[in-house]
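Please look over the sequence and the 3D model below. A short briefing follows, grouped by topic.

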Amino acid sequence: MTQHQSKVAARRTRAAPPKIVGGMPQLLRSSRPDLDARVFLRWYHMLPQPSYARYSMRQRRLAMRLLALALGQHPPVSSVRDVTIAGPGGPMPLRIYAGGAPGASRPAFLWCHGGAFQVGGLDTADSICRAIARAADCIVVAVSYRLAPENDLKAGREDALA
């Protein structure tokens, strides 16, 4: 193999860095998960294997909260405020994140946390809300909606609309 051929072969085997266009990576599948995903999977596979149904809802919620607090990156934002508004089922906590310069007008984004409408909350959504506020230079309003099974599924939707 000539020196030129070896250089061409080396260029072909070297992966190009992902290009970012409009906030979306062009490389949608990697050869391995990113560091955060690997840490989560390692943590998950170290857990004892009894059925998830064996844990109480309180234990499930606590585990999700602790996991989010331990693994979340918590990027800095201009401000984070906890407020409470009147909701259909009583006082409703919100967390408001501001990205960019303080006091500037910007669009708002409503974040309803994940967790299958049963687990999750303001703490489990903190890292992603911060990241959205920074990346989109917007206000993110995270709502702590009423969860099942204590509440009907419609309760969470009513809270989000409020």
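**Briefing on the predicted model**

Leaving aside its neighbours within four places in sequence, A133 is in contact with V77, Y97, A98, G99, C138 and V140; contact means heavy atoms within 4.5 Å. The model is predicted, so local features need pLDDT of at least 70 and side-chain atom pairs count only at pLDDT 80 or more, while totals for chains, interfaces and linings use all residues. Residues are numbered from 1 along each chain as its sequence is written, and side-chain values use heavy atoms, with hydrogens and water left out.

**Nonpolar cores**

- A133 belongs to the largest nonpolar core, which has 10 residues.
- Another core lies apart from it and has 7 residues, among them L94, I96, Y145 and L147.
- A nonpolar core here is a set of buried Ala, Val, Leu, Ile, Met, Phe, Trp, Tyr and Cys residues joined through side-chain atoms within 4.5 Å.
- Buried means under 20% relative accessible area, exposed over 50%, and partly exposed in between (1.4 Å probe, protein chains only).
- In soluble globular proteins, nonpolar side chains tend to be buried together.

**The sheet**

- An open sheet is formed by 4 strands in the order β3-β4-β6-β5, with mixed pairing.
- β3 (79-87) and β5 (108-112) are at the edges; each has a single partner strand, so one side of each lacks a neighbour in the sheet.
- On average, neighbouring strands of this sheet are turned by 25° against each other, direction ignored.
- Helix α4 (residues 126-136) packs on the sheet and touches β3, β4, β5 and β6 (139-143). The direction of α4 makes about 45° with that of β4.
- Axes are lines fitted to C-alpha atoms, for helices over the stretch in contact; angles run from 0 to 180 degrees between N-to-C directions.
- β3 and β4 (residues 90-98) run antiparallel and are joined by 9 bridges. They form a hairpin with 2 residues between them.
- V80 has Y97 as its bridge partner in β4, and S79 has A98.
- Two strands pair if DSSP finds at least two bridges between them.

**S127 and H74**

- S127 is found in helix α4 and counts as buried, at 18% relative accessibility.
- Leaving aside its neighbours within four places in sequence, S127 is in contact with G72, Q73, H74 and P75.
- The C-alpha atoms of S127 and H74 are separated by 4.8 Å, although the two are 53 residues apart along the chain.
- H74 lies in the loop between α3 (57-71) and β3. H74 counts as partly exposed, at 30% relative accessibility.

**Backbone points to check**

- Phi of H74 is near 50°, a positive value in a residue other than glycine.
- Phi of D137 is also positive, near 50°. D137 sits in the loop between α4 and β6 and is partly exposed, with a relative accessible area of 38%.
- The peptide bond from A148 to P149 is cis, with omega near 5°. P149 lies in the loop between β6 and α5 (153-161).

**Whole chain**

- The chain has 5 helices and 6 strands. Helices (H or I, at least four residues) and strands (E, at least two) are DSSP runs, numbered from the N terminus.
- Of the 162 residues, 23% count as buried.
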